[in-house]
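Dear colleague,

My notes on what was found in it follow directly after.

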Amino acid sequence: MMRWCRFSTGGPISYGIIDGDTVTEVEGSPFDAYTKTSNTHKLDAVKLEVPVIPPTFYAAGINYPEHVTWAAQMRGEEPVLPKQADVGYRAINALVPDGHDIIVPKDATEMLQYEGELVVVIGKTCRNVTEEQALDYVLGYSIGNDVSERTWQKGDRTMWRAKNTDTFKPMGPWIVTDLNPDDFHVVIKVNDNIVGEYDVATAIFGVRTFISKMSQYLTLVPGDILWMGTDGATENMVDGDVCSISINDIGTLTNKVNWQK
């Protein structure tokens, strides 16, 4: 198991390997050849950046039963579970790292909500793979907060504002390799109060299914990310709220809501 990060110390951004409370800078990246350098830093002395800037940012969307049911109730409809693993897209401009504020435009409504999600990071070029092969193409896992403005989500023809506004996609704090996604448990807190938790294994379609299905049509490349969706009902966040998402064996992603006046 390795913990990969992107970090800075006031200058250029570098990839690093975290061992305990020490970050060792590397030349190269986790997606190709790399060598460790002699440059080391204390983890609490560096600025952690978004752990990867993906070529393509995929999102599984409605992928957990309770969340599908809750969303249908919000729309006044009967819940219908998806019959296949459908994937959508998010915008790279929305990505921010652990510790960065979620900056909310002043014209957003009170329906600003968190979605704590597992992030899958693709490690090598992937095309036409089976479910049994799928995890061989995963570098590792991170954590994401799919911040959503529900009024915009309902009213806009696409989700260009609702989910893709700058800073609406916190991700981090790092990438952890060699883990089994079936073992993950997600805990979501707002201001230290648990507001949601679920097991990743309860997804309607799991990581293996998504990667295999996507690879029949799309070439996944190193650095691509897939956010796996959230479960349960989500609640509104207000100015000053601190949202933390924890996944066992990965860590905790924490971001504060900063509503523009």
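Is Cys243 buried or exposed? In this predicted model, Cys243 has a relative accessible area of 1%, and because values under 20% count as buried, Cys243 is buried. Cys126 is likewise classed as buried, at 0% relative accessibility. As for cysteine pairing, the structure contains zero disulfides.

Regarding the overall fold, the protein comprises four helices and 19 strands. The C-alpha atoms occupy a box of roughly 60 × 45 × 30 Å along the principal axes. The radius of gyration is 18 Å, which agrees with the value near 18 Å for a compact globule of 261 residues. Of the 261 residues, 52% count as buried. Among contacts between residues at least 6 apart in sequence, 72% join residues at least 24 apart. The accessible surface amounts to about 11900 Å², and carbon and sulfur atoms account for 49% of it.

Leaving aside residues up to four places away in sequence, Ile211 touches Val120, Ile122, Cys126, Val129, Ala134, Val138 and Leu220. In soluble globular proteins, nonpolar side chains tend to be buried together.

With kind regards

Notes
Residues numbered from 1 in each chain as written. Predicted model: local features only at pLDDT ≥ 70, side-chain atom pairs only at ≥ 80, totals over all residues. Heavy atoms only, no water. Disulfide = S-S within 2.5 Å. Buried < 20%, exposed > 50% of the residue type's maximum accessible area, 1.4 Å probe, protein only. Contact = heavy atoms within 4.5 Å. Helix = DSSP H or I, 4+ residues; strand = E, 2+ residues; numbered from the N terminus. Rg over C-alpha atoms; globule rule 2.2 N^0.38 Å. Areas by Shrake-Rupley, 256 points an atom, 1.4 Å probe, with all protein chains shown as cover.
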